[in-house]
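Let's sit down with a structure and learn how to read it, one feature at a time. Have the sequence and the picture open side by side as we talk.

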Amino acid sequence: LHSKLPKVGTTIFSQISQLAARHQAINLSQGFPDFPADALLLDKLAEYSRQGLNQYAPMPGIAELREQIAMLIQRCYQRDVSAELDVTVTSGATEALFVAISAVVQAGDEVIVFDPAYDSYEPAINLCGATAVHIALQAPGYRIDWQQVAKSITARTKLIIVNSPHNPTGMVFSQADWLALQQLVLQHNLYCISDEVYEHMVFDGAAQLSAHCLPELAQRSFIVSSFGKTFHVTGWKLGYCVAPAALTAEFRKLHQYVTFSSFTPAQYAVAAMLKQRPQQVVGLGAFYQRKRDSFAGLLQHSRFKLLPCQGTYFLLADYSAISDMDDVQFCQWLTTEHKVAAIPLSVFYQSPPNARIIRFCFAKQDSTLQAAAELLCQI
Ligand code: PMP
Ligand code: GLN
């Protein structure tokens, strides 16, 4: 077979999680919580399933959930979106990203992505016959140099993909970042995919901003989020995409043939949760900030040097005081010899910098973070 993705292997998330399981290591690699979701959400899932809501949902998602999503966007960003025309429920943010990319990108196009980049973007771009143009961000702040972005735009540039709060670095866009992005998108007639799956995990009193806050940018954007992150249920694979009606119409043409619709009882359960416990979403930033601070505090006396983290549930650590192994080798060694699994940063780059940095996920019970930190402090 002539591979359409010759450079793609098994994702790092599967590789390291398998290694962690095999070596009984504490898994701080793949990003998922090890604590249960709210009991109401779990009860609702069972309840709706028992009630018989187990058949295909409407293609764009159930109306109740799309209405709750529109209300959430109004509450968080004071933007009015049409539940009927602008919101599509998807099987995780992963599906939304794949469909949005496929809906706008044509063969020969260029798409700007920022390294370290979430690993699902580039294969989707390549399957369209297009090229990803990588702009590398630098430690420790990983800020975007918008003048460099402007210089990377060519007549072929069709789309720019941004991700704030940013996985894996924890960088969060400022208002100036959003304005600079909007200016380039409008000036060059680009489309934007704004991957905002960590939107509710912003720390230290920073404003929760979004492409939703900039009306002209929002007019050219597919804004993607994930209930897996927001409600601690990554395995439910439930997300959504918000885009203006014309873009949503194209998006739905693909969504209807990629999957048609997403897991029905989970849609009802999440709609009930958004209606009955909206404070869960509002409190998510404080919830994860406390975990960030307690994990960082526990690692204070380790030889890892922690990088700033403004959002997400990931924390970067520089291990150059411990080893000069490359980060992939280091993560293998850390998992097999010290029983803590983490993700190497270099896998998210086209041209990896010569850095010694790995990513820990702190979406874990306090006892897990404590146990991991004890092991990490012995190294
Ligand atoms: N984008 C980013 C930046 C992510 O970190 C993730 C989840 N790891 C996704 C998209 C995919 O989200 P989902 O699990 O809802 O498909
Ligand atoms: N988004 C998760 C992470 O960054 C993993 C998702 C996946 O396993 N594909 O760790």
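Q: Which residues surround ligand 2?
A: The idea is to list residues near the molecule, where near means that the C-beta atom, placed from the backbone, lies within 6 Å of it. Here Thr11, Phe13, Gln30, Gly31 and Asn167 surround ligand 2. This is a predicted model, in which local features need pLDDT of at least 70 and side-chain atom pairs count only at pLDDT 80 or more, while totals for chains, interfaces and linings use all residues. As for labels, residues are numbered from 1 along each chain as its sequence is written, and chains are lettered from A and ligands numbered from 1 in the order in which they are written.

Q: How many residues of each class are in the shell around ligand 2?
A: We sort by residue type: Ala, Val, Leu, Ile, Met, Phe, Trp, Tyr, Cys and Pro count as nonpolar, Asp, Glu, Lys and Arg as charged, and the others, Gly among them, as polar. For ligand 2 that gives one nonpolar, four polar and no charged residues.

Q: And how many residues surround ligand 1?
A: This time there are 14, and the closest are Gly92, Ala93, Thr94, Asn167 and Ser226. Sorted by class, the shell has three nonpolar, nine polar and two charged residues.

Q: Which helix gives the most to the shell around ligand 1?
A: Helices (H or I, at least four residues) and strands (E, at least two) are DSSP runs, numbered from the N terminus. It's helix α4 (residues 92-104) that gives the most to this shell, with three residues. The protein chain has 15 helices and 13 strands.

Q: I spotted Asn167 again; what kind of peptide bond joins Asn167 and Pro168?
A: You read that from the angle omega, and this bond is cis, with omega about 15°. Pro168 sits in the loop between β5 (157-163) and α7 (175-187). The bond from Ala139 to Pro140 is cis too, with omega near 0°, and Pro140 lies in the loop between β4 (131-136) and α6 (146-152).

Q: What about the angle phi: what value does Gln78 have?
A: Gln78 has a positive phi of about 55°, although it is not a glycine. You'll find Gln78 in the loop between α3 (63-77) and β2 (87-90). Asp204 is not a glycine either, and its phi is positive at about 60°; Asp204 is in the loop between β6 (191-195) and α8 (215-218).

Q: Is Gln78 buried or exposed?
A: We count neighbours: a residue is buried if 20 or more other C-beta atoms lie within 10 Å of its own, exposed if 12 or fewer, and partly exposed in between, with C-beta atoms placed from the backbone. Gln78 has 9 such neighbours, so it counts as exposed. Asp204 has 13, so Asp204 counts as partly exposed.

Q: Why does Ala372 count as buried?
A: Ala372 counts as buried because it has 25 C-beta neighbours inside 10 Å. Ala372 is in helix α15 (residues 366-377). Two residues are in contact if their C-beta atoms, placed from the backbone, lie within 7 Å. Leaving out residues up to four places away in sequence, Ala372 touches Ile26, Leu28 and Val340.

Q: Zooming out, how much of the protein chain is buried?
A: Buried residues make up 46% of its 379 residues. With 379 residues, a compact globule would have a radius near 21 Å, and the chain has 20 Å, which agrees.

Q: Which domains does the assignment give?
A: Domain bounds come from an automatic or database domain assignment. Here they are domain 1 (12-30 + 283-377) and domain 2 (39-276), with 26 Å between their centres, taken over C-alpha atoms.

Q: How many residues of domain 1 are in contact with domain 2?
A: 26 residues of domain 1 are in contact with 25 residues of domain 2. On the domain 1 side, α13 gives the most, with five residues. That side divides into 17 nonpolar, seven polar and two charged residues.

Definitions and conventions: The radius of gyration is taken over C-alpha atoms; the globule rule is 2.2 Å times the number of residues to the power 0.38.
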